[in-house]
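Keep the viewer open and pick out the residues as they come up.

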Amino acid sequence: MDWIAAVLVFVSLLLFLSAALGRRRREGEPPLIKGYLPFLGHAFEFGQDALKLLTKLQNKHGDVFTVLLAGKYITFVMDPHMYPAVVKHGRQLDFHEFSDQMAPASFGYPPMRKFSGMGEQVQRSFRLLHGDHLPALSKTMLRNLLQVMKHHFRSDQGPGAWQESGLYEFCHRIMFEVSLVTIYGHQIDTREDLEHLRDKFEKFDSMFPLLVARVPIWLLRKTQTVRKELISHFHPQRMAKWDNPSEFIKHRSEILHQYNTLGDLEHAAHHFAVLWASVGNTIPAAFWVVYYLLSSPEALSTVRSEIKAVLGLEDKQLSFSEDFTLTHEQLEKLTYMESALNESLRLSTASMNIRVALEDFSLRLDAKKSFNMRKGDTIALYPQSMHMDPDIYPEPEVYKFDRFLEDGKPRMEFLKNNKRLHYYLMPFGSGSSMCPGRFFALAELKQLLCVLLLYSEIELLPHAPLKLDMSRSGLGILPPTKDVQMRFRACNFEPEE
Ligand code: HEM
């Protein structure tokens, strides 16, 4: 019962402090919306459906407003024509100030700014995820993907038998294992150990929104235990035994080793954070990409034909005993697939781009509008409102797999109020905080589709319409509220000798 008393004291203290020290709007600042609940403000409505709340506030208060959410005053800039102004204010609006507050609470390592030069070195290490380094990473990924798929497609009922699974469960299993071994290397653990790790990851991830909302982890005791176990998986002594880790992880370990005051478990916590970054969004993205394709016969047949044409495999049925290569040039030629992928990301992403003001300054948003910001203020973009804007995307709720194509080529021009938008699709964030794994993530998703569509038959079973789990709004790609059943089998399976 001690912890209940502690929670009550903690909450009462927060309510008292927020009533006593609450913010007051100053001249030149955006409209201030505190809501009726001290400290919490509009946190509950935001947690239930952020898009609905922000659209309501935009209609009432205009394109820029400050709202109280669980003790934080956040200024939202809602007009996408104003996004470039926010992204460009890099000198005064910083992302890493925010990530240095969020990451320790969520992943359990000390703020990077405490270690001279660490943040800069880590930023530079992101180059190992793209450019010239991407082909090698993608090649390893494809090899691992084929191996893991081969295992999952082997049916106890013999070759050609259908198996059933939840589609989300299937994508979780495949993408978790493949990403883990591709990024960290082959581990000493058995497949059963990996399943336990995956299970713990799922438990941690389900509580992630509370950690980001800064609920102290000691209040979520099971999560604290699960996080400790996940972190200890990445203990440097264990990692030293893993085979063939990516260059990115090798370099990250070298950087961390330079800092003697960083303990082994803090070192491990950094790696755990990368695991979350690399699969936390990729898993739900894989689900929606596959789900929408399977739901649209036209999209499915167009994308399947495109893969076969680009790879020159028109008359061939691949079996899991045959190898298969996929170059970057080939992946780039898959324009229908890329459009289908972008459309799925548009429909499922709800990330929030956050910046912290490093000084008092005036934020100029266009020729007419500017607002005063205070040092420490949080400014946010919420691109889901742009992705669902009917002026930019007619019938925004509808999946149109070729929406991002024009005359068979990638479409780059989207308009709002008849004016071309600089940013129109932002699942990976923007500017200095843009996801460094985005090219790898897209390659992973394309490879997954190639393998699924070339090697297998896969069908959704009858189901009620799916909904996005809005309780994770702000964190990235939203999972569905419920899984959907599907059946699958290899087109041409020859068991391994
Ligand atoms: C579909 C899959 C993915 C999506 C939608 C996604 C999206 C994002 C977003 C929205 C951010 C934050 C950007 C911001 O706040 O402005 C981010 C950060 C990050 N992502 Fe991804 N991501 C994906 C896959 C990956 C993968 C596969 C990796 C690594 C292999 C990765 C590594 C990272 C890292 C390390 C950061 C933090 C960057 C920093 O601290 O500056 N992501 N991602």
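## About the model

This is a predicted model, in which local features need pLDDT of at least 70 and side-chain atom pairs count only at pLDDT 80 or more, while totals for chains, interfaces and linings use all residues. Residues are numbered from 1 along each chain as its sequence is written.

## Around the ligand

Start with the ligand: of the 24 residues around it, N281, G429, S433, C435 and G437 come nearest. A residue counts as near if its C-beta atom, placed from the backbone, lies within 6 Å of the molecule. Two or more shell residues come from each of α12 (264-279), α13 (282-295), α18 (438-455) and β16 (475-477), and α12 gives the largest share, three residues. Helices (H or I, at least four residues) and strands (E, at least two) are DSSP runs, numbered from the N terminus.

By class, the shell holds 13 nonpolar, 11 polar and no charged residues. Here Ala, Val, Leu, Ile, Met, Phe, Trp, Tyr, Cys and Pro are nonpolar, Asp, Glu, Lys and Arg are charged, and the others, Gly among them, are polar.

## A look at N281

N281 sits in the loop between α12 and α13. In an unreviewed UniProt entry, the annotation "binding site" covers N281; such annotations may be inferred rather than shown by experiment.

Why does N281 count as buried? Because 24 other C-beta atoms lie within 10 Å of N281, and the cut-off for buried is 20 or more (exposed is 12 or fewer, partly exposed in between), with C-beta atoms placed from the backbone. Leaving aside neighbours within four places in sequence, N281 is in contact (C-beta atoms, placed from the backbone, within 7 Å) with G476 and I477.

Strands pair when DSSP finds at least two bridges between them. β10 pairs with β3 (residues 72-77) in the parallel sense over four bridges, where T75 stands opposite I379. β10 also pairs with β7 (residues 353-357), in the antiparallel sense over four bridges, and V356 has T378 as its bridge partner.

## An open sheet

Three strands form an open, antiparallel sheet in the order β5-β17-β15. β5 (163-166) and β15 (456-460) are at the edges with a single partner strand each, so one side of each has no neighbour in the sheet.

Five bridges join β15 to β17 (residues 485-490), and L460 stands opposite M486 in β17.

Note on methods
Two residues are in contact if their C-beta atoms, placed from the backbone, lie within 7 Å.
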